[in-house]
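This briefing concerns a ligand site, the pairing of strands, and selected residues. Please consult the sequence and the model alongside the points below.

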Amino acid sequence: MSLKEPLCFVSTPLGFESEAEREIKEAWPELLDASGRPHSAMLPEGEWTKGGIEYPLDPFTAVQLNFFLKTANRILIRLDRFKVRDFPKLHERLRKIDLKSWIGSAPIRFEVSAAKSRLGHEGRIRETAAKAWGIPQSDTGVRVFIRIQDDLCDVSLDSSGEHLHKRGVHTLRGEAPLRENIAAFCLRRLIGDSAPGELSKITLLDPMCGSGTFLSEAATLWSPLFKRHFAFQDFGRLPKLFKQPQFATNYRMTPAIPFRRFIGFDLEAKMAEVSRKNLSEVSLHPSSAAKPSFEVHQGDLFSEGTEKIEGKLWVISNPPYGERIEGPPLDQVLKQILRKWNPDRVALLVPAKVSSLLKAATPARLIEEKPVLNGGIDCRLMIWETAVLA
Ligand SMILES: C[S@@+](CC[C@H](N)C(=O)[O-])C[C@H]1O[C@@H](n2cnc3c(N)ncnc32)[C@H](O)[C@@H]1O
């Protein structure tokens with residue numbers, strides 16, 4: 001067997017598959033055809049696996065997802081798929097893949113995995129690939145994934161380059177920064193099905209904002225990312241569209257800013273400063289004159305008094321877990337957020353082991369509890385709605 005139709009794979013963190021699929025559906029109408037006009041194709045059905053979704057999509061359409069998807073890890077182009085049980089056959093099949101037509105003589109970084117297969121020796125798979133393509137293995141360069149599972153080999157080309165959580169902003173980080181795609185996932189779950197008109201009246205506040213990831217992700221959640229470079233922009237096999245300096249203006253959308261205002265606090269004055277610096281680099285679509293309204297202050301969540309923010313308020317945060325940086329007990333954090341800010345919704349990303357403690361801490365209605373792996377820690381995104389308390 002080999003590929004009968006073009007395929008792409010949208011790789012996601014475990015558990016993010018359905019949210020990534022929702023994002024793809026939202027982005028779909030914005031994608032362009034090779035002449036730079038909105039395309040008219042229907043989104044084909046995707047096939048889910050753990051950690052991603054495979055779509056029968058041509059590479060030109062697939063690579064554009066890099067601009068739009070906030071929760072994904074990478075977008076891969078499938079180059080071939082075949083059954084293989086021995087190394088000579090692997091060599092023969094790899095040799096037939098015309099890698100040079102995609103990436104010229106750029107260095108390649110091989111990403112190899114093998115499971116439940118006769119070819120279990122990852123080092124030898126690498127050597128076979130390097131020989132077949134006449135390209136030495138490198139620690140840098142374009143990633144080519146060779147994955148053999150149950151004797152079925154997938155060869156895929158990474159179209160993203162740097163991991164998609166890297167947005168090209170946030171040059172400064174705190175001690176336990178949140179990956180941008182995890183922040184985007186939490187924000188999308190917090191927003192749920194809320195209408196844009198409703199959201200535009202809501203202030204979003206992160207009382208322990210660190211480097212400001214939630215705030216910058218929230219402001220750009222509906223904006224495509226044209227600021228950074230993606231690997232596919234150097235590929236030889238794609239139409240020239242993305243090589244034009246002003247290519248982004250072909251996307252005629254004017255993205256909205258989801259929330260009315262964005263407010264951050266951090267105990268550490270230096271972190272508040274880092275946030276301010278990072279947020280000053282946030283930009284939306286090149287043709288958009290809109291500017292998000294950010295405000296960041298130094299402040300202790302546990303300082304005396306309550307604060308009133310005009311209009312509706314939602315709070316989101318990933319407080320210190322005590323694993324990498326010390327922090328107050330997390331049930332106290334939740335209680336204090338409710339007492340101090342009286343928000344309409346609260347979303348916290350916390351270790352799974354404190355989930356019961358937090359459930360017992362408030363009579364507010366828990367509307368979501370989702371597993372999220374954050375920096376190797378088994379966490380839960382917990383979202384409460386407090387309207388019932390009013
Ligand atoms: C896990 S970090 C947040 C990371 C952030 N989401 C990011 O992406 O950079 C937690 C932050 O809470 C801050 N913090 C700890 N105790 C606090 C308190 N009592 N009030 C406000 N901020 C606090 C720390 O300084 C730290 O920057």
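Which backbone atom lies 3.1 Å from an oxygen atom of the ligand? It is a backbone N or O atom of L178. The model is a predicted one, in which local features need pLDDT of at least 70, side-chain atom pairs count only at pLDDT 80 or more, and totals for chains, interfaces and linings use all residues. Residues are numbered from 1 along each chain as its sequence is written, and side-chain values use heavy atoms, with hydrogens and water left out.

**Ligand site**

- The ligand is surrounded by 19 residues, where a residue is near a molecule if one of its heavy atoms lies within 4 Å of it.
- S211, T213, D266, D300 and N318 are the closest of these residues.
- The side chain of T213 places an N or O atom 2.5 Å from an oxygen atom of the ligand.
- A nitrogen atom of the ligand lies 3.1 Å from a backbone N or O atom of L267.
- The protein buries 92% of the 600 Å² that the ligand exposes when taken alone; accessible areas come from the Shrake-Rupley method with a 1.4 Å probe, and for residues only the protein chains shown count as cover.
- The shell around the ligand comprises 11 nonpolar, five polar and three charged residues. In this division, Ala, Val, Leu, Ile, Met, Phe, Trp, Tyr, Cys and Pro count as nonpolar, Asp, Glu, Lys and Arg as charged, and the others, Gly among them, as polar.

- Strand β4 covers residues 74-83, and nine of its 10 residues are buried, so the strand is largely enclosed by the rest of the structure. Buried means under 20% relative accessible area, exposed over 50%, and partly exposed in between (1.4 Å probe, protein chains only).
- Strands are DSSP runs of E with at least two residues, helices are runs of H or I with at least four, and both are numbered from the N terminus.
- Strand β1 (residues 8-11) pairs with β4 in the antiparallel sense over four bridges, and C8 stands opposite I77 in β4. Two strands pair if DSSP finds at least two bridges between them.
- Strand β7 (residues 152-158) also pairs with β4 in the antiparallel sense, over seven bridges; here R81 stands opposite D154 in β7.

**The seven-strand sheet**

- Seven strands form an open sheet with mixed pairing, in the order β10-β9-β8-β11-β12-β14-β13.
- The edges are held by β10 (294-298) and β13 (365-374), each with a single partner strand, so one side of each is left without a neighbour in the sheet.
- Neighbouring strands of this sheet are turned by 15° against each other on average, direction ignored; the axes are lines fitted to C-alpha atoms.
- Strand β8 (residues 202-206) and strand β9 (residues 261-266) pair in the parallel sense over four bridges, with L205 opposite I263 in β9.

**Individual residues**

- R143 is found in strand β6 (residues 142-149) and is buried, at a relative accessible area of 16%.
- The side chains of R143 and E111 make a polar contact at 2.9 Å. Such a contact is a pair of N or O atoms within 3.5 Å; within protein, one must be able to donate a hydrogen and the other to accept it, and residues adjacent in sequence count only if both atoms are side-chain atoms.
- K116, in the loop between β5 (108-115) and α5 (122-133), has a positive phi near 50° although it is not glycine; K116 counts as exposed at 67% relative accessibility.
- D150, in the loop between β6 and β7, is a non-glycine residue with a positive phi near 50°, and D150 is partly exposed, with a relative accessible area of 40%.

How values were computed
Axes fitted to C-alpha atoms, helices over the stretch in contact; angles between N-to-C directions.
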